[in-house]
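Please examine the sequence and the model shown below. The paragraphs that follow lead through the structure step by step.

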Amino acid sequence: MINTNDLIGLQYGWGNRPGDGSGKTDCFQLACEIHRRLGLRDYSREYAWMYDKYTDDTFNRAIICEWLFANAHRHQRPQLGSITLLEAVNGIALATFLDEESLIFIGPDHNVVKAAVPYRSGCLFWLE
């Protein structure tokens, strides 16, 4: 298991990434950071255009769904680094599996949390 202690408690911030000194991150950059720590492909630069095209107010959450279905592979069982979508007050939350039983994501209080996988975690995706 990778160490995620430094990520827990980061506040939500559109376009911020862990380690940039802001103390903030968004769900996409959080997922990218987990993938980097796992030694998987870093796709954050490939999609940096998103932050030029959208703001937090103009970003339609359905875009995440469209992007995942177009660029990721669906699978049945969670594995380290799998991505899923969780229902959230503001639409959806992009969460990353740390193992079969826990996820890391931006919680309802707008900060990064690590929690048990909820019963209904949605579709599983593999980005690579």
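**From a salt-bridge network to the core and a hairpin**

Asp-6 has a relative accessible area of 48% and is therefore partly exposed; buried means under 20% relative accessible area, exposed over 50%, and partly exposed in between, computed with a 1.4 Å probe on protein chains only. The model is a predicted one, in which local features need pLDDT of at least 70 and side-chain atom pairs count only at pLDDT 80 or more, while totals for chains, interfaces and linings use all residues. Residues are numbered from 1 along each chain as its sequence is written, and side-chain values use heavy atoms, with hydrogens and water left out.

The confidence of the prediction may be stated next. The predictor's confidence in each residue, pLDDT, runs from 0 to 100. The protein chain has a mean pLDDT of 88, and 95% of its residues reach 70 or more. Within the protein chain, the lowest confidence is found in β4, with a mean of 83, and the highest in strand β2 (residues 24–25), at 98. Helices (H or I, at least four residues) and strands (E, at least two) are DSSP runs, numbered from the N terminus.

The structure contains 6 salt bridges, a salt bridge being a side-chain nitrogen of Lys or Arg within 4 Å of a carboxyl oxygen of Asp or Glu. Side chains of opposite charge can pair when their charged atoms come close. One of these salt bridges is formed by the side chains of Asp-6 and Arg-37, with an N to O distance of 2.6 Å. Asp-6 belongs to the segment before β1 (11–12) and Arg-37 to helix α1, so this pair ties together parts that are 31 residues apart in sequence. Arg-37 is partly exposed, with a relative accessible area of 28%.

Arg-37 also meets Glu-33 in a salt bridge between their side chains (2.8 Å, N to O); both lie in helix α1, 4 residues apart, which is about one turn of the helix. Glu-33 forms a further salt bridge with Arg-36, where the closest N and O atoms are 2.8 Å apart. Glu-33 and Arg-36 are likewise both in helix α1, 3 residues apart, about one turn of the helix. Glu-33 counts as buried because its relative accessibility is 12%, whereas Arg-36, at 27% relative accessibility, counts as partly exposed. Through shared partners, salt bridges join Asp-6, Glu-33, Arg-36, Arg-37 and Asp-42 into one network.

Helix α1 itself deserves attention. Since 9 of the 11 residues of α1 are buried, the helix is largely enclosed by the rest of the structure. Among the buried residues of α1 are Cys-27, Phe-28, Leu-30 and Ile-34. At the start of α1, a side-chain oxygen of Asp-26 comes to within 3.2 Å of the backbone nitrogen of Phe-28. Gly-39, which follows α1, has a positive phi, near 80 degrees.

Which residues touch the most other members of the largest nonpolar core? In this core of 29 residues, they are Phe-28, Tyr-43, Leu-68, Ile-83 and Leu-94. A nonpolar core is a set of buried Ala, Val, Leu, Ile, Met, Phe, Trp, Tyr and Cys residues joined through side-chain atoms within 4.5 Å. Two or more residues of the core come from each of α1 (27–37), α2 (49–53), α3 (62–71), β4 (83–88) and β6 (102–106), and the largest share, 6 residues, is given by α1. Another core, of 7 residues, lies apart from it and includes Leu-86, Ala-93, Phe-97 and Leu-103.

In β6, 5 of its 5 residues are buried. In a regular strand the side chains alternate between the two faces of the sheet. Ser-102, Ile-104 and Ile-106 point one way from β6, while Leu-103 and Phe-105 point the other way. Two strands pair if DSSP finds at least two bridges between them; β6 is joined by 5 bridges to strand β7 (residues 112–116), and the two run antiparallel. Leu-103 has Ala-115 of β7 as its bridge partner. The hairpin formed by β6 and β7 has 5 residues between the strands, and His-110 in the turn has a positive phi of about 65 degrees.

Notes. Polar contact = N/O pair within 3.5 Å; in protein donor to acceptor, adjacent residues only side chain to side chain.
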